Amino acid sequence: MKKDYRKLMIVGSGPIVIGQAAEFDFSGSQACKSMKEEGYKTVLVNSNPATIQTDLDTADSVYIEPLQAEIIAKIIEKEGVDGILSGMGGQTALNICSELADNGTLDRLGVALLGTQPDAIAMSEDRELFKKTMIRIGEPIPKSRTVNNIDDALVAVKEIGAYPVLIRPAYTLGGTGGGIAYSEDELKEICARGIAYSRIHQVLVEESVLGWKEYEYEVMRDKYDNCIVICNMENIDAMGIHTGESIVCAPCLTLSADDHMRLKAASIKIIRALHIEGGCNVQFALNPANGEYRVIEVNPRVSRSSALASKATGYPIARVSAKIAVGYSLDEIKNSITGTTSAAFEPSLDYIIIKIPRWPFDKFRMVDRHLGTQMKSTGETMAIGRTFEEALLKGVRSLEIGVVGLDRVTMSDEDLEDEMRRATDRRLFVIAEAIRRNVDTKKIAEMTQWDHSFVLKVRNIVLMEEEIKKELTPATLRKAKEMGFADATIASLRGIDEKKVREMRKKEKIFPTYKMVDTCAGEYEAKTPYFYSTYERTCEAAATKKKKGKTVVTIGGGPIRIGQGIEFDYSCVHGVMTLREEGVETVVINNNPETISTDYDISDRLYFEPLTLEDVLNIVELEDADGIIVQYGGQTSVNLAVALEDALKGTKTKILGTSPDMMDVAEDRKRFSKLMDDLGVRQPASGTGYSFEEAKKIADRIGYPVLVRPSYVLGGRAMEIIYSEEELSTYVETAVKVSQNHPILVDKYLAEAIELDVDLVADGKDVFIGGIMEHIEYAGVHSGDATMVLPPFSLSDEVIEKVKDVSKRVAIALQVKGMLNIQLAVKDDEVWMIEANPRSSRTIPFISKAIGVPLAKVGTRIMLGKSLKEQGCVGYKELKHYAVKASVFPFLKLPGVDSILTPEMKSTGEVMGIDEDFDVAYYKALIAAGNKLPKSGGVYVTVNDTDKPRIIDAVRDLHKVGFTIYATKGTSTYLRENGIPVTTVFRVSDNQKPNAIGLMREGKINLIVNTPSMSSGARRDGYMMRRLAVELEIPFTTSVNGANAAVGAIKNAGGREIKVRSMREFH
Amino acid sequence: MVQAFLVLENGTVLEGVSFGHDSAVLGDMVFTTCMSGYQESLTDPAYKGQILVSAFPLAGDYGVSDRYDRSGAVHAAGFIVREHSREPSDMYGGVTLDDYLRSNKVPGISGIDTRDLVAMIRSAGTIRVAIVRDEAGVDAMKKKLKEKAKDDNLVSLVSSKDVKKISSGKGTAIGIIDCGVDRGLIGDLSELYDVVIFPHDTKAADIKASGARAVIVSNGPGDPSHPGMASTVKTVKELSSSLPVIGLSLGAQIVALAFGCVTERMKFGHHGCNQPVKHGSRVHITTQNHLYTINIKSMDGTGLVADQMNVNDGTLEGFSHKELPVYGIQYYPAPPRYERDSFLYNALKKVTEAGK
C-alpha cells in the first residue's frame, strides 16, 4: 500500500541533449499525473520550458530553475518537500539526487528518496560495485577493470588479453566520452577523454563483445519482490553500436523461447540483487557462436528504452514506476489500457515494432558519420506493422530524411563494402543497395554483423521492388502494401504519379486496416484506442468513434531532429488538450515514441504512423474528420497543408485556421516578397540564382556579406553567411548543388543588426502579440541557437511600436487564424522583415511559460472559431520580469563541429532563466545550459576591430571584480591604451608560449570572449581554441552583447544568493 | 505459393497460403499469445487435436530444433499464422517450420489476419475450424463442421503406454501420472529426483508399489470430466490419502475432481506465457495452456482451499488441501533453474523432506 507524504518532488531532466530527449518529459509528466491521481501534493523542477511537465497544472508547484543541487535544496526547503522521485529525469535527475544524498542534504531536510535507493543506484552505476554484484550472483559480465589513469588502463588491457577493448566512463549519459580502442594509441586517447568526462574521473576498460547480438530487457520490480518483464528488444545492429544508434525491433525475433527464459531469469535475478524498485533496463550481449551471454549494463531508472518499451507495448512504465515508488505493489495497480486487468502482467505483442534513430548528419556535414558506442542521433522514430518489412518501411518514411523507401545509394562497390563493415547512418540503404548489386546475403550478414534473417527481410523488400517494376497487377499491389510499401515508392518504381497508385488502390479496394495496441495481443478487450495501420482483414478503429461532435486530426512533428524538437510536440499536446476541452473528438498522428503526444491518453484516438501525405490521408478519410490542424507539427505538418487541402477538395474536411494558400504565401519567397512590398515592409535585398554565375551577379548587385541557402530548407540547413566571391564559389562547390531545379537564394546580410522573434496569435481581425524576444547575438545566428531575452532589453519604445505595427499588419495581411512567428532585424532603428512562419514556432513554449498565457491553446480556440476578444486576449502582454532562453549544443558529442554560431541551427535544446532581475535571469539561463560561469580566474579576450570599443566596459568590469585579463596582441594593445592591465599572449598560429591553448590546458582561463573577424582565415584560426573550450567546458561567448550580458551576470548575480520562485508566483 | 482456406463453423471462409503438410484438418481453434516458442507450443500434448492460432504474426524466425521439442511429436492438429519464415535465423540452425510441419504431417495456413481470429474467439469462445487446400473441399468442410464433434478421450492419445523409469540415482523417486506430460518437466524433475512415469490409467496400487515418494498428475489435453478419465480420477483419490499428490494444469483439475469439486469449460481458456497468478503477496507470471477450470464454489467442504488466483480474471490458479499434502496449480511449473520460487519444486522439496 502507498505511504503518506506531505509533498513529493519530481526532478526533470533539463534541456534536450543527445542521449536525453523528450522521453523524460513523457516519464516526468506521467509520474506527476500518477502522483496527483493518488492525492499527493507535487512539486516539479526542470530548467527546460519546452516541456509539458512545466505547465502550471502538471504539479501543485512548478519551478523552471537550473537543475543544480543547491537550487533543488532551496526548493525542497521552501516547499517543505519530504519525498523525491529521482528516477523520472534521466541521468541528470539521478546524479543530482545522488549528490543530495551523498552530501547529507536529504537527511538534513528529512527528505526520503522514493523508488530505487542511492546504494542501489551506486550498485548499478559504479562499474566496480556492479561487477562485484554480478560476480556475487553468478551473472557473467565482460572481463574488465576500472581505472583512473592511463597507466592502469594499459595494465587492464594486459589482463583482458587483447585489443580491441571498450572504454566506458562512469556516470555519463549516452556513452559520452567512451569508445573502442584497437591499439595502444587509441586506448590512450579515448581513456584521457573518458576520464575527463566522468563525474568521478573513472573509466572501465572492458573485454570486447563486438559483433555479439545485443538484447535488452525492460523489467519492473516492486518492493514486495514481484518482478515482470515488460518487453524485450533486439538490436539489429550488433554489439559495438550503441543501442541508441541501432535499429531495434521488439519483441526479439531471433531469440529462442529457451534463451528468452534464460535472459529473462537473469534480468529478474539482477533487478532483485540491485534492489531496484520501479522500471529498469538490462542489456545483454549474446555470442551467436556458442550461446554464451554477458550482462552489459543496467539502467536503474526509466530511460529512452523504457519510453520505447512503453509505446511499443502500451504498458505505462513511468506511471507504474511512480506508483511503485510510493509503496504500491504491482498487482494493486490497474492496467490503464485494458481498464480491467492488472499492472502485474507481461504484455504480449501481436505486431512488430521497429525503432530507427534519426541522426543530425544532414546538419553537420563535417561530422564523422560512423556509428559506434557514442550516441550521435538526436531522436528516433517508431513504426508498427504486422510484418517486419512493413514496420521497417514505415519507420524509414517516418524519418523524414527525403526518402520514402529503401532508395538507391550512389556509391562505388568499395565504398558500399566499407559502409557495411563500418556502419554509418546509411547502413540500411547500403544493405539494400548491396542486395541489388547481387552481393551474397550471407556475405552481407558477415560484413554487417546483422543476423542473416534480417538481411533476408531487406532482400524481400528489394525483390518486391523488382516485382513491381515488372508489372503492377492488383495482386502485386496488395502484396506491396502488405509489405509496407508507400504509394510514392510504388509510383516511382513504375514511373507514374502517386495519385494513380492511390486511385488504383481505391478501385481494387486495397485499404489499410487499423489494429489496436492493447498490451495483451487481443486476449482482453481494450479500452484505449491506440492504433497502427496494416493491410489485413478487419479494421478496429472505426468502431471506437463516438460519432457525436466534430472530429479534428492533429498532425505531429515526427522524430526529434535539430531544428524540430520537443517544442513542436508541446504545441501539439496543447492543441489536443484544448480541442478536448472544447468537446471535440481528437485524433493524433505521430511516430515519435519519446513524446507526450504519442501517450495513449492524450487524444481520443492515437495513430502511430508516418506523416506522409498518404498515411495522413488514409486516416483522415477513415475518420471522416471535420478538420485538420497543421500548425503544430513544425515544418512536417506545414509542408502537408497545400497537398492535403488539394486532396480533400470536395469533402467536408477542412484545414483549420490560416488557409494553406496563405501559408504558401508566407513560405514562398516570391509571393511573400510581393506581399511585403505591398505592405511597405522592408526586406533585405535578395535574389534567386540558378547557377554560380547568377548567384555571383546577385551578390555583386546587393553587396557582400550575403546570406545564402538552398531554396528548399528545413531549419536553416546549409545556410551560410558569405563574405566574398571566393567563399561563394567554395559554398557552391561543397555545400549545395546549384541547378535549374535547385536554385540557391541569396539575401543581403544585415551585419550587426539586432534580431527579434515575435510570436503572435491572430483571428483574422485581431492580433495578440505574445512577446517580442530580443536576440543577444547579432542577426545571422539561427533563432534556434540564439540566446533570447523577453521582453527586449535594448530597444527604444519607438522601435518596439514599429515592431508591433509590422507584426500586426503582416498577421492581418496573411489572414492568420492561429499562430504566426515573425523574425525581424533592427538596424539603425529600422525594422526589416526576415521571415514569417505561419505555424507554432520553437519559441511558443518558452514564451507561453514566460508570460503565463498558453498561446497554442489560444490559437486552437481561434481555429475552432472563438475570437481573441471572446477569449479576452488582445494587444500585447507587458511583463514585470525577464525570461532568458539559452540553447545547449551537441559539440561535445560531435567531434569536428565548429562551435561558432551561424545561420545554420546546431542546438538540440533549450533552457529558461526567469527572474525579476535581468542579470539574475541571464545567469540562471547560462548555468542551466551547463555553462560554468566563473566568479574569478582568467578571461581570454580576442575581438575583431569593430567590436573593440564596445567590449571595453565589460573587460573593465571583469578586471574590477578580480579577473586576470589575457588577450592577443591587437586586443591587448587596445585594452592597455584604455587603461586595463592585460597579459599579452601569442596567437595559436604563432606557435609560441604563452598562447591561449596552453593557458586553457593549464586551467588558467575560465572564460573566453571571442568575436570572430569577418575573414574566413581568422575564423578558422579560432576553431582550435573554440573546440578546446568545448572539450574543457570553458564558457565562451562569440558576441559583444553576449559578453556584456555574461559579465553582468557574473558581476551582479554570480556572488549573490539566488532566489527560487515557482511559476505561479510570476503570473 | 499454394492456396489454402480456413473454414469457420459459422460459414466464414478465409483465404490464405498453404504451408506444412498437404492435408485437410478439422478441430477446435485456440489461440496462444506467446511471442516465441512456437515449437514448444506445437509439441505440447495439451494442444492435442486443436488448431493453434498464433496471435504473434511471425513464426519460425529461428529454426526448429530437437532442443525445443516437448514431446517428440507435433500434437497441434494445424497451425494458423500471419507469416512464417522461409529462411530462419542461422543462430541456432535447424529446419524451417514449413519442413517441420510437413514431415510431421500437420497442415498450416499463413497470410491470415490472426488478430481477427483472436477477437472472434474472445467474443464467441473456442470455434471449430478446418484448414483445406482444395477450394472444392470447402463446402464439404462447412457441412462437416456442423456435425457433432468426435468426443475422444484425448489423454489416451498422448499418455505413455507403459511405465517408464528414469533413474539417475538420486534416491528419492517421484511418480508422474502421464496425462500428456512434456519432456521439459521430466528433464527438470530428473535433475533432482528419480522419475517414474505411469500411463494415465495405472491403478493406485501399482503406483504405491513403485516406491514413489510423491505423485504428480501431469498436464495434458481435453476435459478432465471426460468419461475416459474416470479411472485416473479414482486412482488419484486413492493415492491422496497415503501419498503427497500435486496436480498440474489438467492434473490439477483431476485432483480437484477426485476431491469432489466440479470442473467447467472456460470460454476460450488460458493459452499463453503471461498469465499473472497471485499467491499470497506475490505475483508470478506463468505459462498456461488449459481450456477447463475448477469451479471455486464447488470447493466448499472438500477440504481443498483455493489459494492462488488469476490476477486478470479471478479464476482459480492453485489450491492446497487443509490437512493433506495435496496441491494443484493450473499453470506450468517454471523450471527451477529459471525461477527460485517455483511452486512445484518448493512443494516437492517440502513433501519429500517431510518424512525424513
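## Two domains of chain B

In this predicted model, 19 residues of domain 1 of chain B are in contact with 23 residues of domain 2 of chain B. Strand S3 (25–32) and helix H3 (114–124) of chain B are the elements that give two or more residues to the side of domain 1 that touches domain 2, and the largest share of that side, three residues, comes from S3(B).

As for where the two parts lie, domain 1 of chain B covers residues 3–146 and domain 2 of chain B covers residues 154–354, while their centres, taken over C-alpha atoms, are separated by 28 Å.

## Chain A as a whole

Chain A contains 38 helices and 40 strands, and its C-alpha trace spans about 80 × 70 × 65 Å along its principal axes. A compact globule of 1067 residues would have a radius of gyration near 31 Å, so the 28 Å of chain A agrees with that expectation.

Of the 1067 residues of chain A, 61% count as buried. Among the contacts in chain A that link residues at least 6 apart in sequence, 70% join residues at least 24 apart.

## Where chain A touches chain B

The contact between the chains takes 43 residues from chain A and 40 residues from chain B. On the side of chain A that touches chain B, helix H9 (257–273) and helix H16 (452–470) of chain A each supply at least two residues, and H9(A) gives the largest share, five residues. The residues of this side of chain A divide into 20 nonpolar, 12 polar and 11 charged.

## A closer look at A:Ser342

A:Ser342 is placed in the loop between helix H11 (317–325) and strand S15 (352–358) of chain A.

Leaving aside residues up to four places away in sequence, A:Ser342 touches A:Asp331, A:Ile333, A:Lys334 and A:Asn335 in chain A, together with B:Pro276, B:Val311 and B:Asn312 in chain B. A:Ser342 and A:Glu332 are 10 residues apart in sequence, and from C-alpha to C-alpha they are 7.2 Å apart in space.

Definitions and conventions. Residues are numbered from 1 along each chain as its sequence is written. Chains are lettered from A and ligands numbered from 1 in the order in which they are written. This is a predicted model: local features need pLDDT of at least 70, side-chain atom pairs count only at pLDDT 80 or more; totals for chains, interfaces and linings use all residues. Two residues are in contact if their C-beta atoms, placed from the backbone, lie within 7 Å. Helices (H or I, at least four residues) and strands (E, at least two) are DSSP runs, numbered from the N terminus. Ala, Val, Leu, Ile, Met, Phe, Trp, Tyr, Cys and Pro count as nonpolar, Asp, Glu, Lys and Arg as charged, and the others, Gly among them, as polar. Domain bounds come from an automatic or database domain assignment. The radius of gyration is taken over C-alpha atoms; the globule rule is 2.2 Å times the number of residues to the power 0.38. A residue is buried if 20 or more other C-beta atoms lie within 10 Å of its own, exposed if 12 or fewer, and partly exposed in between; C-beta atoms are placed from the backbone.
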